[in-house]
Amino acid sequence: MSHVVIGGGTGFIGRRLIKTLVADGYEVTTISRMPGIKHISWHQLEKDGLPSGTTAVVNLAGQNVLDPTRRWTPGFKQNVWNSRINTTAACARAIEKATVKPCVFVNISGVSHYIPGNDSYTELSIVKDYDFMSRLCIEWERAANLSNNSICRVVRIRSGVVLGREGGMIQSLILPFWLGLGGTVGDGRQDMPWIHIQDLVEMIKFSIEKPEMSGILNGVAPELATNAGFTKAFASALVRPALFPIPIFALNLIFGKERAVLLTTGAKILPEKVLRHGFKYQFPHLQSACNEVAHLF
């Protein structure tokens, strides 16, 4: 039986991943701050290493950047940074120290190091360090590095906006949209790389199961979209109007300009590599993804 150790398994993506893996016969251990059956703490990971029989490690851990209840203070920025870099590095150290190495290390990062503009990006495109979020993504991926002679594959999935009813952006938007108060961010023309949560989970599983998968994967849907396109699709799925645009200056005030860029800017990102390797999306189109996440509301 395959045994997957998941950092951040109690979060939005982690809960869906565990449900999917367990249904497919995997044994799963979660690394988190919460005690429980089949849980270990980050301190235990550092002290005792990976559980015996670990065949794959997945790290999803990270402080919610767009928590509107938290001001963008130096302390919160440090939490956002440490919760990603330190947990990824802890997983990498545990893999390096393991007597019997797992087969694969899958680390989830973001897409903020693709510069917004008219260019389209694939996994072969150059990424740049140009602001806080881009530096975070670059260091996040760097923290997953293993020694050159490691037999453990490393897969770095750069995730777009994850659409799922249990959390993330949809959870924040459902009430205003349901009340008919939804709308675009600014003029809505900014690109919005996105992926349905089940497709991201299946991409992680695909990365675990396919020995040919390694390196960078763009964790986005194949259909390009803008914020306006998403707004129209989500409002349509809820059968609600969406007539109230959110001014960008208001988001800058609420979140701080450094993190508001996650909502106000975006890039055209293509999942060329996973498509080439035969990955099949359940929700390749934005409207079908929005219809699914809106179904139970």
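The protein chain has eleven helices and eleven strands, both being DSSP runs numbered from the N terminus (helices: H or I, at least four residues; strands: E, at least two). This is a predicted model, in which local features need pLDDT of at least 70 and side-chain atom pairs pLDDT 80 or more, while totals for chains, interfaces and linings use all residues. Residues are numbered from 1 along each chain as its sequence is written, and side-chain values use heavy atoms, without hydrogens or water.

Reader: What does the C-alpha trace span along its principal axes?
Author: The trace belongs to the protein chain with eleven helices and eleven strands. Along the principal axes, its span is about 60 × 40 × 40 Å.

Reader: At what angle do the axes of α5 and α7 cross?
Author: Helix α5 covers residues 168–178 and helix α7 residues 227–238. Axes are lines fitted to C-alpha atoms over the stretch in contact, with angles from 0 to 180 degrees between N-to-C directions. These two come within 11 Å and cross at roughly 65 degrees.

Reader: Which residues of α7 make the contact?
Author: Contact means heavy atoms within 4.5 Å. From α5 come M169, I170, L173, I174, F177 and W178, and from α7 F230, T231, F234, A235 and L238.
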